[in-house]
Amino acid sequence: MIVSLTIVRYRKALIPFALLAMAVHRLPLMLTRSCNFWKLLGCGQNGSFDLQPDWQQWGLLAVWNNRTDFDQFYKKSFIASWWRLLTYESWTLLCEPLQSHGTWDGKEPFGKPNVKDYAGPIAILTRATINLNRLKNFWSHVDEAAEMLTTSPGYITSVGIGEAPLYRQATFSIWENFEAVKNYAYRSPKHADVIKKTRTEKWYKEELFARFKPLETWGTINGKNPIKTYLK
């Protein structure tokens, strides 16, 4: 199994094509048998959950049978041609699932891997469907959590992604190692308190947490490839 995340940027004048892609790209993805799971995603502005969307930046997260299937898509598909023609920047990361807990639209898109002996750079996907009656509780803590994320030791980069405004949100973050992830998640009193509240106040209708081994990356986003130097 190979998991791909591609983030693309459109020029401001072409934002209508970005919005159109969210509808048009669904059909070719549904017809791509080698793609087991996919999500077309909008992006937030600050690298985490964000009420302010970045209308120029969009993403595709997909699960493939193998690298060959992904390569065929990336080189020859209608979507890849659309990206090459209409976007001015594109960044792709290929990953291998290490662990995954929870569901996404009732599915376990990354299976049930349980690799515990990996020690290198690590990618983390945190995704949730937020209960509508808990939206105020959730969003009141987002800015603080985002600031803690980007200032944590071992943090490399992150992108806020989502399927729908307000209530279907995710963060894909990359770290130097899993120890840095644990330090951020559990050794910061403020963040530990937020994690506790998600349980006691039942913020989420559905959630998923997954870890990945970054395999390969190319392209740039906002002028740089933030993880390239960590993959040798």
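1. **Ground rules.** This is a predicted model, in which local features need pLDDT of at least 70 and side-chain atom pairs count only at pLDDT 80 or more, while totals for chains, interfaces and linings use all residues. Numbering starts from 1 along each chain as its sequence is written, and side-chain values use heavy atoms, with hydrogens and water left out.

2. **Overall build.** The protein chain has 8 helices and 8 strands; these are DSSP runs (helices H or I, at least four residues; strands E, at least two), numbered from the N terminus. Its radius of gyration is 17 Å, which agrees with the value near 17 Å for a compact globule of 232 residues. That radius is taken over C-alpha atoms, and the globule rule is 2.2 Å times the number of residues to the power 0.38. Along the principal axes, the C-alpha trace spans about 50 × 40 × 35 Å.

3. Of the 232 residues, 53% are buried (under 20% relative accessible area; exposed is over 50%, partly exposed in between; 1.4 Å probe, protein chains only). Take the contacts (heavy atoms within 4.5 Å) between residues at least 6 apart in sequence: 75% of them join residues at least 24 apart.

4. **Surface and charge.** The accessible surface of the protein chain is about 11900 Å², and carbon and sulfur atoms account for 54% of that. Areas come from the Shrake-Rupley method with a 1.4 Å probe; for residues, only the protein chains shown count as cover. On charge, there are 30 positive and 20 negative side chains, with the centres of the two sets 3 Å apart. Lys and Arg count as positive, Asp and Glu as negative, and His and the chain ends are not counted; each charge is placed at NZ of Lys, CZ of Arg, CG of Asp or CD of Glu.

5. **Helix H1.** In H1 (residues 15-24), the buried residues are Ile-15, Ala-18, Ala-21 and Met-22. Down the helix axis they fall within an arc of 105°, so they line one face of H1. The arc is that of the directions from the helix axis to the C-beta atoms. An α-helix has 3.6 residues a turn, so residues three or four places apart point the same way. Exposed Pro-16 and Ala-23 sit on the face of H1 turned away from its buried side. The cover over the buried residues of H1 includes strands S1 (2-10), S2 (35-44) and S3 (53-64), plus helices H2 (26-30) and H4 (78-86).

6. **Helix H3.** For H3 (residues 67-76), the buried residues are Asp-69, Phe-70 and Phe-73. These fall within an arc of 100° seen down the axis, so they too line one face of their helix. Thr-68, Lys-75 and Lys-76 are exposed on the face turned away from the buried side of H3. Covering the buried residues of H3 are elements including S1, H2, S3, H4, S4 and S8.

7. **Tyr-204.** This residue is found in strand S8 (residues 204-219). Neighbours within four places in sequence aside, Tyr-204 is in contact with Ala-128, Thr-129, Ile-130, Asn-131, Phe-138 and Thr-198.

8. **Positive phi.** Asp-105 has a positive phi of about 55° although it is not a glycine. Asp-105 lies in the loop between strands S4 (87-102) and S5 (122-130) and is partly exposed, at 35% relative accessible area. Asn-222, likewise not a glycine, has a positive phi of about 55°. Asn-222 is in the segment after S8 and is exposed, with a relative accessible area of 54%.
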